[in-house]
Every structure is written in structure tokens, then in C-alpha cells.
Amino acid sequence: MPIDFSDILVIGVSSRALFNLEEENAIFEKEGIEGYRKYQLKNENEPLLPGSAFYLVKSLLELNNQADKEIVEVIVMSRNSPETGLRILNSLIKHDLKITRVALSGGEPLAPYIDAFDVDLFLSKDDKDVQTVIDSKACAAATLYAPPESFDEKDNRVKIAFDADAVIFSDESELRNKTQGLEAFHKYESEHEEDPLNEGPFAKLLIKLSKIQEHLPTTIELTPLRIAIVTARNAPSHMRVIKTLRKWGVYVDEVYFLGGLSKDKVLKAFGAHIFFDDQDTHLVNTSKFVPSAKVPYLSDSPMKKIENDKKKQSKK
């Protein structure tokens, strides 16, 4: 019988997201596949250093030791060939990461294999792969920023933080804010306080995280899997967020309504193993303190057009 992952959180992580392969990637870009292959074979037994997703993956896998069943599955997804990928496999062993499933695509894009592995969250450093996954709506996906120079794990709990609009929820409210202004945004949110926000690209992931908490030995308030929402929303638009989560049946441990204040200090205090946001404006700062990842807009969305227009203006 096929394995059922319906109540297991499945993370698909690229080798460059899990390990620091920036030097190796630079060699590939400069010397091509031949130079890269020689380098990898020469350093086959040298363990790779942690990348941006390493501490998240390691901590999530630890939850399996506390739960009454397996609740987390991690699949390393790499464009390496079986030959050049051997260093990655050796590094998994050296770092004692209990990962048994690996996809080595030999240079082919990874996005087409997301559905084959029942992935709930895809983490990569390749913008094109992430955009393809987001556009397909197959699962949550994000592009990792470079890891912070030092990351302080506050304790042995897993801590995941999300932005609200365009991440957990759809980008409709954010679009209204961008096109009609803050006053119109607050007015609409207040008038529709009882109407649940539409799901965004990470809604199903949040619901899955809430579901696997049921298999952990502590009450939900004391869970070792701690979830926070860190958003620029503030009163009076905050109530709709809380009421939407309640209607979804999702328990979130912490929520911070910052009203435009910087997110980096809050996330540092929280000790997030990862933070997901849709805007580089926030991520440039947060990535200095906690592992951070960008959630792209759908390619055909109005928010994507606004983002692209802004980039064009900045280049002039």
C-alpha cells in the first residue's frame, strides 16, 4: 500500500537551502558542470556547513522523537546528479539528519516533482522553481535569503513565524492598501470583521501545522511547535485576523500587530527558526537576525505587477 502523508508535514528542501553551497554554486557558474563535478568529488567527505533552512529542518525532525507517531517528513531535493550529490548524502549523515528520501534530478527543474512527493512546503534558493510552485498552487513555497551570521536558538522548541496578508491570507487586503490607501483598508476590514479572510499560499500549511500538534504530548498551549504571526496590521484591522483563524480552527501561539514598526526585533526576540514574508523591505532586515524566506505573488496577480513596476522605477 502507498504511504499516506495526509497527517504528516512534508518539507521539500533544496540542497542549497539546507546546506551552504554558495562557494560550490559560484564554481558551477564560473567553471561549468565539469569544474563543479571535480570540486565536489575532491571534497566528497567534507561535510557541508548549515544553510538557511538547516536549523528549521533539524528542529522539525526532532518533533518525531516527541510525538506519538511520525509527524514530519523531510525530502532533500537537488539538481545534483547522483555522482555530485554524494557529498550532500554524506553531509546528512555527518549532521545526523534523519532524512531517508532524496531527489537528485541531474540538472532538471525540481518543481515538477513537488506533487510526486506530496510536499506541503518547498524551500529553495532558486526563484524560478519557487515561482513555478506558487503559480501551480501545489503547495506553499518560498525563496530563502542568505542565513544570518549567527542564529541563537532560544530553546528546544520549533518556532515558525508568518506575515499575514499575501502569506497566510490572500493578497486582496494588501492590494486594497496599496491602491486605495490605509484609511480605505482599515474601513473595509472593520466593516468585514466577521467575514473570514480568503486563504493565501501558506494557509493550508498553517492548518497542517495545527493538525500535527495534536500528536505531540503536551497541551496546545505548551506545544514544542510554536507559531507566530508578525504583521504590519494594527487596530482596527486586527480583529479580522483573529476571527478568521478561529473559524479555520487554527490555534496560533503569538500574534504581533506592529502597525508599521520594524519586524526584525520582534522576530529576534521570538527566536524564529524561519520567517515568511512577501516583501523584501521587511526581509532584508529580518534575515540579519533569523532565517527568512520570501513568498512570491502569483505571476498574473496585480500585486506582482505593482512589485515589478516598483523594481523598474528603482532602476531608473
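**View 1. Contact of helix α6 with helix α7 in the predicted model.** Ser173, Arg176, Asn177 and Gln180 of α6 are in contact (heavy atoms within 4.5 Å) with Leu182, Ala184, Phe185, Tyr188 and Glu189 of α7. By class, these residues are four nonpolar, three polar and two charged; Ala, Val, Leu, Ile, Met, Phe, Trp, Tyr, Cys and Pro count as nonpolar, Asp, Glu, Lys and Arg as charged, and the others, Gly among them, as polar. The axes of α6 (residues 172-180) and α7 (residues 182-191) come within 7 Å and cross at roughly 145°. Axes are lines fitted to C-alpha atoms, for helices over the stretch in contact, with angles from 0 to 180 degrees between N-to-C directions. Helices (H or I, at least four residues) and strands (E, at least two) are DSSP runs numbered from the N terminus.

**View 2. The open sheet of 10 strands.** The order is β3-β2-β1-β4-β5-β10-β9-β6-β7-β8, with mixed pairing; a pair needs at least two DSSP bridges. The edge strands β3 (101-104) and β8 (254-257) each pair on one side only. β1 (residues 9-14) and β2 (residues 72-78) pair in the parallel sense over six bridges, and Ile11 stands opposite Val74 in β2.

**Notes.** Residues are numbered from 1 along each chain as its sequence is written. In this predicted model local features need pLDDT of at least 70, side-chain atom pairs count only at pLDDT 80 or more, and totals for chains, interfaces and linings use all residues, while side-chain values use heavy atoms, without hydrogens and water.
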